[in-house]
Amino acid sequence: PLMAAGMTVMGQAVQEVANETQSWYAKAAAQVEECLYALRTVVAFGGERKEIAHYEEAVVRARKGAVRNYYKTSFGLGYIEFIWALSNTVALFYGMTLIYDGKVNESTGEIWTGGDVLIVFFSVVTGGFMLGQLEPGMKAMGQGRVALANFFDALNEVTPIEGGDQSGRPTLTEITSFELQNVHFFYPARPETQILKGLSLKIEKGQKVAFVGESGSGKSTVMSLLERFYDPTQGTVLVNGQDIRSFAPTAVRNLIGYVGQEPVLFATTIRQNILYGWPSATEDDIKKVVDLAEMAFAKALPKGLDTFVGSGGSQFSGGQKQRIAIARAMLRKPQVLFLDEATSALDNLSEKKIQETLENIGKNMEGSLTTVAIAHRLTTIRKCDKIFALKDGVVAESGNHDELMAMKGIYYTLAAAQQQGLAESRDAHAAETNEAQQNLERKMSREHSDKSKSSSHAHVDAAAEALKDTDKIEVPKTFRVPYRRLANFCRPEWGFVIPGLVGALLHGANNPVQAFLIVNILTSFYLPKEEMWDEVVELCIQFGIVGVTVFVATTLHSMCFGFISEGITQRLRVAILTAIFRQELGFHDDPAHTPALLGISLSLWAYRIRTFCDSFEMGTVAVSSIILGITVAFIGCWQMTLAMLGAIPVLAVATSIQMAMMMTGGANMSNEKMRTAQQVVSDSVQNARTVHATGMEKVIVEYHNRLVDLSNSGFALKCLAGGLAYGVSISAPHFVMTFGFWYSDWLVKNGSADFKGTMLAFMGILWAAMGAGQATAMLGDASKARQACYSIFQLLDRVSQVDGLDPKGQKPAFALEPSSKAEAGNIEFEDVKFAYPFRPDTMVLKGITFKVKAGQAVGLVGPSGGGKSTIMALLQRFYDPASGTVTIGTARIPLEKIDIRWWRRQVGFVGQEPILFNTTVKRNILYGLDQEAGETVSEQRLLELKKMCHLEFLDKEANQGWETEVGPPGPRLS
């Protein structure tokens, strides 16, 4: 009962701390994933150190929770060891009193003898052995309960839209109309801010409809309601005259094609991204939509449609990503096409061609394609049948282009502001200058068309290919674990090493010493009564001293090594993330270095090193037990010891199998298929809106399940083999003990040894063998830790081509003169050639040369994929040119010789796909400030920025001004 009470209290304490620790590690992992997905934004604004500091804060909190866990578990383990020693002392003393008083054994009807006490004692000891194996299981159960609680919370969460029973709802074979009736809407995350205020409108089948209006007027919200991402707070959304809630969400979405303003691509191939639109599509279907979306750039690539797109599509320009997204939407052969600024990233000629393509599709479908568009560029919607101009959450105007222009209201104002005549002349000019490039793309597409063929049903996952051997990294035989470097990560905890080792050695010595005392007590039972009493009392006192010692030793080494392992884990995590941020952007273009996979590796490597620290602790305990156990055995009987030494390998293997079964239950979490499955989960959660809009939920779940099934292939056979091995390992000690008792009997009968000597040898070897088994079980952890060390130090020692954390360059002389800082605006590209690191066969820039003078306003134009975004990337030195130079200043200083952190601070960057961090508007705006250098912004300057950037909406309705939360990655704003 005392042991059970102790284990119960310890288990509850462990679970409480595990809840907190897992929560902080989850926050740290989420923060890492967010900043890695937004890596270009982080790097552009020099936010690496800021993100590292945020991550370090989270892991420090997690470490504090884990340390509290070690306090409680260490005390609990020491308490259990003490109670076990105390119970042995009491049991043996009580057994002696039964013999001393001549009590009758009710089981046999005879007076208690030393043999009776020995039988009872060893029966209890055999059961007690299993108590020593409870600790790993208790930890696992505590962590498992926390995980299960989170799992069932998620499983039982019934959302009003996606959840619930979808069966029995009416099917939907076509959409003849959409209608919003007096719709009011608040976003759940901002219930104080009303977006729509009684909006009513109707969209008929075959119509081309567009929504226009200022940012925040409700355009994207209307589209979200039609997709049923949300339900209205008040009012009704009708499909074919019926409440949209009467249909399953997928029934509506399956008939809709969606292309968003910020096209979302998954970390896989172009082909697979397109197939997500309709997984059962044929190769002919794919070719048709590729042609429709003007994707000649894809055909021209060496791997064609099987080219890896990078995390979020980072390997392609914004226009190219939008074409892929358009192809994905068109593959569904939708009845309704939703275009949320779908062509905003395309050049004018491509945009015009795609607009013509969409119009032709509608004609070919006999007018059945309904198009709903959101547009800021009004030239794209002039031919729409109906245009709704929204203002403050209601329809302010509606009609076609001519009707709205005649009204001279909101639409007219927007159109005038865009100077349509000038825009059209630029379109014509762009058409003339880009014709040659378009012809070249068509020629290249014909030359490479044969390369794009592959099975449309095969999930060609480039990330999976790259990870094929991730968990089987071939570590060079010459590699030696740099223990000194590893130890430096726990330098502040060095003071705990000696006490920890002393505690572990004393803990390991505990069992052989107890065995020595137990044998002496048992043999004392055969002495004369008075002599027996004195001998047993003295030995019991010694037993009590051993119990106190093992309590102190167990508590001490568990605490000390806990501090060490958590310290090294915390600093390794920060060092790994720092090394990741230190790498140039080309490093992150590698399919094996996607944000999700880097996040997984970060956690996995750190976990393996921590496990290795724990294994080192237990190995020290085991070695102490082995040495002292064999010493006790030789003191007792050398013949018995030599005979029993042959059983050590058997018991060692048996014990190692038992420990391996307990400690490696989740080993397959690190294999290639499981890691790819985690990548799929990460991508789909990050891009949940696209997943729902394209109806890919089942496809992704099936793909994920297929990967999990593959990772568990042969699982039943493995379980059977593991069960057999475990059964053999459990039974092995009994066979060894059978042999030991038989041989002991033989030695005593032949006068070669006495009972006390043979029992000392038997018990000493038994404990030594168990220690050897524990040490053997640690070899697997040591092997994985060696592999993790190799991967970690390969990353830490990798020399980045562009180190944004500790730049080697110098600030130019003019940077020190405030009046000369504008000189940085003199930029020159001289014969610059460039190919992306993981597409070396595709030259993006082919000897480009131009100059920009300080103070000039310069525009880059050209077809999608023409190199515009690449030039911007080179200007920020995300990459270095393959040849040629990029210089700044009148002295034409090469960019690679400039302090890159200083240079990036001179560049204000607004990307095509603006990424905001999951915090307030104010913190997002202040993100680029160098707080380490004491940079601040006055309230007056903030007010100027608010007016300049038209952020007055932050003070409207129930928004919280600068403290308005934007959500990850900014979805609460339009």
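**A charged pair, close up**

Modeller: Glu 828 is buried, with a relative accessible area of 11%. Keep in mind that we are looking at a predicted model. Buried here means under 20% relative accessible area, so at 11% Glu 828 falls on the buried side.

What does Glu 828 pair with? Its partner is Arg 892: the two form a salt bridge, and their closest N and O atoms are 2.8 Å apart. Glu 828 belongs to strand β13 (residues 827-835), while Arg 892 sits in the loop between β15 (883-888) and β16 (893-894), so the pair ties together parts that are 64 residues apart in sequence. Is Arg 892 buried or partly exposed? It counts as partly exposed, at 37% relative accessibility. The general idea is simple: side chains of opposite charge can pair when their charged atoms come close.

Now for some other pairs. A search of the whole structure turns up 24 salt bridges. One of them joins Arg 228 and Asp 231, with the closest N and O atoms 2.9 Å apart. Arg 228 is buried, at a relative accessible area of 3%. Arg 228 also comes after helix α6 and has a positive phi, near 60 degrees.

Another bridge links Lys 922 to Glu 939, where the closest N and O atoms are 3.6 Å apart. Lys 922 is in helix α31 (residues 921-925) and Glu 939 is in helix α32 (residues 939-948), so this pair ties together parts 17 residues apart in sequence. Lys 922 is partly exposed at 23% relative accessibility, and Glu 939 is partly exposed too, at 48%. Salt bridges can also join up: Arg 49, Arg 582, Asp 803 and Asp 806 are linked in a network of them.

For contrast, look at Glu 227, in the loop between α6 and β6 (234-239). Glu 227 is buried yet has no salt bridge. How far away is the nearest side chain of opposite charge? That is Arg 253, at 4.6 Å. A salt bridge needs a Lys or Arg side-chain nitrogen within 4 Å of a carboxyl oxygen of Asp or Glu. Even so, Glu 227 is in contact with Arg 253, and also with Ile 256, Tyr 258, Phe 338 and Ala 693, leaving aside neighbours within four places in sequence.

Note on methods. Residues are numbered from 1 along each chain as its sequence is written. This is a predicted model: local features need pLDDT of at least 70, side-chain atom pairs count only at pLDDT 80 or more; totals for chains, interfaces and linings use all residues. Side-chain values use heavy atoms; hydrogens and water are left out. Helices (H or I, at least four residues) and strands (E, at least two) are DSSP runs, numbered from the N terminus. Buried means under 20% relative accessible area, exposed over 50%, partly exposed in between (1.4 Å probe, protein chains only). Lys and Arg count as positive and Asp and Glu as negative; His and the chain ends are not counted. Contact means heavy atoms within 4.5 Å.
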